[in-house]
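Please read them alongside the coordinates.

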Amino acid sequence: ASCLVGSEMCIRDRYYLYTNFFNKDFDLFSANDNIKSPSKWKKIIQKGKNTFIKKVVFFEKFFAIPLRENGLDDLLIIDTKNGKKHHVKFDDKIVGITFNGIKQNPYGDVVRLRVESNLTPRAIYDYNIKKRTFKMVSQATVKGYDKEKYAQERLLIPSVDGTRIPATVIYNKSFGPSIDNPVYMYVYGAYGDGIPPEFPVFALSAIDRGFTYVIAHVRGGDELGKNWHEQGKLFNRKNSFDDFISISQYLVDKGYVAKGNISASGESAAGTIIGVAINERPDLYKSVSILVPFVDVLNSLMDSSLEYTMTDWSEYGNPKEDKKVFDYIRSYSPYEQIKKQKYPNIYVTGGINDAAVGYWEPAKWVSKIRDNQTNKSLILTSFRKGGHIDNGYRTVELEFAKQIAFLITTNNSELQE
């Protein structure tokens, strides 16, 4: 039988299958005429427990396979003729690798890829698989940026249940991690959307003012594979909150920051995590800044007329049909769990036309906090006419700029007292 070169099913009369049939973190198999007999497929990649095959890019002469192993991206090249493999070596140990939107020549010796790291701005490279060399095609420029002035660390921090949670630490060497300097934490942790290594274009202004930037890779994302997502959804959702608070406490205990001098930000579903954190451990945080936060979790999931509610039931559960789900969500939903206590400085935004998180969520959440807080922290809200977060690049830039500006400004004040 003959087949088209470069198809995702067959190369040189042999079928290749990128599938999660046996493994939710995907495998790559080969097969001859036994494609309908999975037991006879031959596994091409032997991978570890925490290895996730993100994609397979098929060429006539080779496969380019971006992997994520123990939370770190890797690129594997496999020769289709002899099966020989090699891992591509990058200048940075921690990199993010993507192929989205890039057209490839399926017959050549070159794969084009997009690479960036926490220290290196995004660039597009041509990688020659025979010479094992890179040729830069283009790179984003950041005025005044000098990579040598910055450093990064990767920590594995035990959560409440003992699971080790990755955290990325980035700082300006002139300041370094210090108990005398503030920490800026960023989190998402939901829907299987992990935070890949990427240049901190928005956080850089805070880093250059002495903030230690910490990315919390909590359960709910996909940093350690599909199971990492499952450990942070449905009745495991509280793991995400425990992870975030555990990382915050670890940073205090290990002298990265003084207690109460952590600022935190995130968007959308991250609002649940940050909302829970300031309800349970307000003493750890100086300020929080959240774009379109999902903070009225229970009431929104009870309203099936909202556009995203039924979709979100697969992530959080359906409190309308299951009393156990109702009680579980109620026990953590940031709006329901507001207490009479001190709260950090808070900045939140909402989109009047946001179908994912109704503008009334941050509005009612802020109103209830103001009624219950026992201190005089600064609480600001900002509402715009647009939808969720992605409402034109200029709008996104402005929203993130205001978010960072709030954290920097409130860190230099005593408004919390």
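1. Ser268 sits in the loop that runs between strand S18 (262-267) and helix H4 (270-280). Helices (H or I, at least four residues) and strands (E, at least two) are DSSP runs, numbered from the N terminus. Phi of Ser268 is positive, about 55 degrees, although the residue is not a glycine. Ser268 has a relative accessible area of 11% and is buried; buried means under 20% relative accessible area, exposed over 50%, and partly exposed in between (1.4 Å probe, protein chains only).

2. On the basis of the numbers: this is a predicted model, in which local features need pLDDT of at least 70 and side-chain atom pairs count only at pLDDT 80 or more, while totals for chains, interfaces and linings use all residues. Residues are numbered from 1 along each chain as its sequence is written, and side-chain values use heavy atoms, with hydrogens and water left out.

3. Val292 also deserves a check of its backbone. Its phi is near 40 degrees, a positive value in a residue other than glycine. Val292 belongs to the loop between strand S19 (285-291) and helix H5 (297-302), and with a relative accessible area of 1% Val292 is buried.

4. How many of the eight residues of strand S7 (residues 62-69) are buried? Seven are, so S7 is largely enclosed by the rest of the structure.

5. The partners of S7 come next; two strands pair if DSSP finds at least two bridges between them. S7 pairs in the antiparallel sense with strand S8 (residues 72-79) over eight bridges, with strand S5 (residues 51-53) over three bridges, and with strand S6 (residues 57-58) over two bridges. Individual bridge partners include Thr51 with Glu69 of S7, Val57 with Ala64 of S7, and Arg68 with Asp73 of S8.

6. Two hairpins involve S7. The hairpin of S6 and S7 has three residues between the strands. The hairpin of S7 and S8 has two residues between the strands, and there Asn70 takes a positive phi near 50 degrees.

7. A salt bridge is a side-chain nitrogen of Lys or Arg within 4 Å of a carboxyl oxygen of Asp or Glu. Over the whole structure, a search finds 19 salt bridges.

8. One of the salt bridges joins Lys147 and Asp92, with the closest N and O atoms 2.8 Å apart. Lys147 is in the loop between strand S13 (133-139) and strand S14 (150-158), and Asp92 is in the loop between strand S9 (85-87) and strand S10 (95-98), so the pair ties together parts that are 55 residues apart in sequence. Lys147 is partly exposed at 30% relative accessible area, whereas Asp92 is buried at 13%.

9. Asp161 and Arg219 form a salt bridge at 2.8 Å, N to O. Asp161 lies in the loop between S14 and strand S15 (164-172), and Arg219 in the loop between strand S17 (212-216) and helix H2 (226-230), so this pair ties together parts 58 residues apart in sequence.

10. Lys130 is exposed, at 62% relative accessibility.
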